[in-house]
Amino acid sequence: MTVTSARFGYDDLRGLITRVVDVKHAPEDSTLDVLWTLYDRVLDLSPERLDSPDRDRFYLSKGHNPGSFYAVLAAKGYLPDAWLDEAFTAGSRLGGHPDRTLVPGAEISSGSLGHGLPLAVGTALGLRAQGLLKPRIYVLLGDAELDEGTNHEAMAYAGATGLDNITVVVVDNGSASHGWPGGIASRFTAQGWSASEVDGRDHDAIEAGLRGHHGTGPHAVVAFATSSI
Amino acid sequence: MTTSLPHIGHPMKVPDTTTMRDAFIDAAADLIDDDPRVAVVLADISNGHERFAQAAREHPDRVLNVGIREALMVSAAGGLALSGMRPIAHSYAPFLVERAYEQIKLDFEHQGVGGILVSVGASYDWSQGGYTHFSPGDVALFDTMPDWTVHVPGHPKEVGGPLRAAALTDDKVYMRLSTLSNAAPHQTTGRLSVIKSGEGPLVVAVGPTLDNVLLATAGISVTVAYANTVRPFDVEGLRALAHTGEVVLVEPYLEGTSSRVVAEALIDRPHRTLAIGVKRVDLHKYGTPTDHERWHGLDPATISERIASFAR
């Protein structure tokens, strides 16, 4: 699909989000700065290269409250901003959870928690088997999503096999019911991952974390963020 | 996916002593050698088999053992498909299909990608292992999702052809292997094969049930047709063969799994269906597969009695 769209800047994002959802749906905002930093500074990707085998991939595993995701995709020209006004309606491509068959730029369909990282493990293996060593796969999870055991299957395997083309970013807004005593980063480092902890509002810190992989294993970034819309 | 049935060709030449699992592993290892798109994902089961071990030495990026993590195995297979690969995931049926059902539904179906899932264990192959290793409901679970092709081979020589054909497509394909087997192989055309013709009901024998069905119907005039591809079901063949409107389905998995298909196929004519298959019961029993056949009524004597009662 070819999509033409106006481009927007960071300061336009909150206006775009309010076109998707009522502002009282504040959880949108905890992922906003990470999403913006990914698409603005980190991902080797553009709307024209969505079919390129050599592109970076972004897997939004935590598909709930995708307003920020849709806003960033609209701002960066992946989809027309007019789609935001029609979200959730009968004919809309934008729903309560992103569907990759409907949304340009959505690499996976998500919504059920705990699928993005296991899918990313398979894609990382597939890229490696095809000799595509340049692309990275970035996966965004929520701290409460980490409750799902499938993440831990994937973390253990990716760490044990040194799957070095994956970067996970866990946006931690403190919503896991039982918390993560000892910290989320330690769950990854114990399994052979490198990990960084960053302020989830600080774009320079987020970028440094996202670029913090060493090439010897998978990398995790824990981005602390609270909702503040 | 089109509604046309796959044309898969003749039974492959494999040694008579080979099991379906061995035939699968040989064919999959050959595919890994021949097709750079093919990757096998395992969860320890069959990882120790020599052909897979050899393939893993030669193609370490495409023979992938994730450990005892079936959910990851299926999701990773979906992720491989997203990258353009052709994944084959393989384990015991209850772990591949029942444990990882949501992964099949979301990480193939909902992502819009295909893959090949190959199970062993069937309904009670490892009878001494008990109910944890039984999967009578696997085919019914695939019926909850659109457009899966389901192969139920009845002989080791019916495994390699459909697997090779599936590897050439991007379809969603499930192969249900069993240690139960008929004495002789049949063609794998995707269509019903007429084994014998008679006056009475059409008896459709699926996969490894054929030999018991032939014993059960030895003295009576019925048509026996054999199916080793059940999804898509050969509706055209069924309509052509069900002259009397009486259909007996004999399936080696949950009883009545294909009753819906028969009802839809014969909607425009009066018909009756007798479904014979594995009962909806946890027997809490061990014994042999032959014991389980008898307990579920898939032995020749019970099949014979039920057909006689139905045809009366």
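**View 1. B:Asp44 is partly exposed, at 37% relative accessibility.** The cut-offs here: buried means under 20% relative accessible area, exposed over 50%, and partly exposed in between, with a 1.4 Å probe and protein chains only. B:Asp44 isn't a glycine, yet its phi is positive, about 70 degrees. Most residues other than glycine have a negative phi. Look for B:Asp44 in the loop between β1 (38-42) and α2 (50-58) of chain B. Helices (H or I, at least four residues) and strands (E, at least two) are DSSP runs, numbered from the N terminus. This is a predicted model: local features need pLDDT of at least 70, side-chain atom pairs count only at pLDDT 80 or more, and totals for chains, interfaces and linings use all residues. Residues are numbered from 1 along each chain as its sequence is written, chains are lettered from A and ligands numbered from 1 in the order in which they are written, and side-chain values use heavy atoms, with hydrogens and water left out.

**View 2. B:Asp147 has a positive phi of about 70 degrees without being a glycine.** This one sits in the loop between α6 (138-142) and β5 (148-151) of chain B. With a relative accessible area of 43%, B:Asp147 is partly exposed.

**View 3. The peptide bond from B:Arg231 to B:Pro232 is cis.** Its omega is near -5 degrees. Most peptide bonds are trans. B:Pro232 belongs to the loop between β10 (229-231) and α9 (235-241) of chain B.

**View 4. Helix α1 (residues 20-34) packs against helix α7 (residues 160-167) in chain B.** The angle is about 30 degrees and the axes are 9 Å apart; axes are lines fitted to C-alpha atoms, for helices over the stretch in contact, and angles run from 0 to 180 degrees between N-to-C directions. α1(B) and α7(B) are therefore roughly parallel to each other (angles under 35 degrees count as roughly parallel, over 145 as roughly antiparallel, 65 to 115 as roughly perpendicular and the rest as oblique). On the α1(B) side, B:Phe24, B:Ala27, B:Ala28 and B:Leu31 meet B:Gly160, B:Leu163, B:Arg164 and B:Ala167 of α7(B), where contact means heavy atoms within 4.5 Å. The residues of this contact split into six nonpolar, one polar and one charged (Ala, Val, Leu, Ile, Met, Phe, Trp, Tyr, Cys and Pro count as nonpolar, Asp, Glu, Lys and Arg as charged, and the others, Gly among them, as polar).

**View 5. Helix α3 (residues 70-82) of chain B is mostly covered.** Of its 13 residues, 13 are buried. B:Gly84 follows α3(B), with a positive phi near 100 degrees.
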